[in-house]
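Subject: Structure handover

Dear colleague,

Please find the structure below, with its sequence. My notes come after it.

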Amino acid sequence: MRALWVLTRLRLQEVFRVPISGALFFGLPLLLFVTVGLIFANGHPYERRRVAVVGETPAGLADFPEVHVSREGSAQVALAKLRVHLVNAVLLEHEGNWRLCVGSGDQLLGRGLVSVLPGKAALDMVERARWGFVHFVFPGLIGFTVVMSGLFGLGYTIARYRQNLFLRKLSTTPLSKTTFLASQILGRSGLVLAQCGLLLVAAHFIFQLPLSPL
């Protein structure tokens, strides 16, 4: 057991032994997250304008190929998607009356859509979360960090040990293969958890990501 903890500590120290190595290990994922967060701050920048319709879909919207219309069964769900930038507008229909809700950044889009709706339509502005869409991108970045730093990083280390014949030299010692492999897994897991913790802190304080145990 003592050998396991000693090897785990040595594995952790490999990253911090060279200052530039530790800076890259923790700095690159953080830089990637901040860059992606700023790009997607106001929603997906390359998609068509998305309109969630609650009720019957008016025929006028079909004339605009730039607008992607989706159906929602609940106004509450549709408005929640609007607040987190998953859609650009929500169209509510009640007894033949239309109500179009858009975010403050899509006021021009709202005016254009209102002009093609049948009858008289009301235009409402809805306050949206500043970084809402980033909260949906964040789990993918966490998964990318785990795969690259965890699985790929561990595989690369083992392959390097095999290439420089370290594993062959290790087989001549009393240390078991299970202990050695377990120390590598524990060390890499600790590094990945530290990376994920750093990203969570950055997401909470920079992009207002709500954190809760559920």
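The notes cover the pocket, the nonpolar cores, one glutamine and the cysteines.

This is a predicted model, in which local features need pLDDT of at least 70 and side-chain atom pairs count only at pLDDT 80 or more, while totals for chains, interfaces and linings use all residues. Residues are numbered from 1 along each chain as its sequence is written, and side-chain values use heavy atoms, with hydrogens and water left out.

Pocket

The largest pocket holds about 490 Å³ of space. A pocket here is an open set of points on a 1 Å grid over the protein atoms alone, where a 1.4 Å probe fits, with protein on both sides within 12 Å along at least five of seven lines; lining residues have an atom within 4 Å of a point. The volume is the space filled by probe spheres set on the points, which are joined across faces, edges and corners. The lining has 20 residues, and Phe-25, Met-148, Ser-149, Arg-188 and Gln-195 are the closest to the pocket centre. Helices H1 (2–17), H2 (19–39), H5 (134–163) and H7 (177–206) each give two or more residues to this lining; helices are DSSP runs (H or I, at least four residues), numbered from the N terminus. H5 has the largest share, with nine residues. By class, ten lining residues are nonpolar, six polar and four charged (nonpolar: Ala, Val, Leu, Ile, Met, Phe, Trp, Tyr, Cys and Pro; charged: Asp, Glu, Lys and Arg; polar: the others, Gly among them).

Cores

The largest nonpolar core has 17 residues, and Phe-33 and Phe-138 have the most contacts inside it. Such a core is a set of buried Ala, Val, Leu, Ile, Met, Phe, Trp, Tyr and Cys residues joined through side-chain atoms within 4.5 Å, buried being under 20% relative accessible area (1.4 Å probe, protein chains only). At least two residues of this core come from each of H2, H5 and H7, and H7 gives the most, five. Another core, of 13 residues, lies apart from it and includes Val-51, Ala-89, Leu-91 and Leu-113.

Gln-184

Gln-184 sits in helix H7 and counts as buried because its relative accessibility is 4%. Leaving out residues up to four places away in sequence, Gln-184 touches Arg-11, Leu-154, Thr-157, Ile-158 and Tyr-161 (contact: heavy atoms within 4.5 Å).

Cysteines

There are zero disulfides (cysteine sulfur pairs within 2.5 Å). Cys-101 is buried, at 0% relative accessible area, and Cys-196 is buried at 12%.

Regards

Definitions and conventions. Buried < 20%, exposed > 50% of the residue type's maximum accessible area, 1.4 Å probe, protein only.
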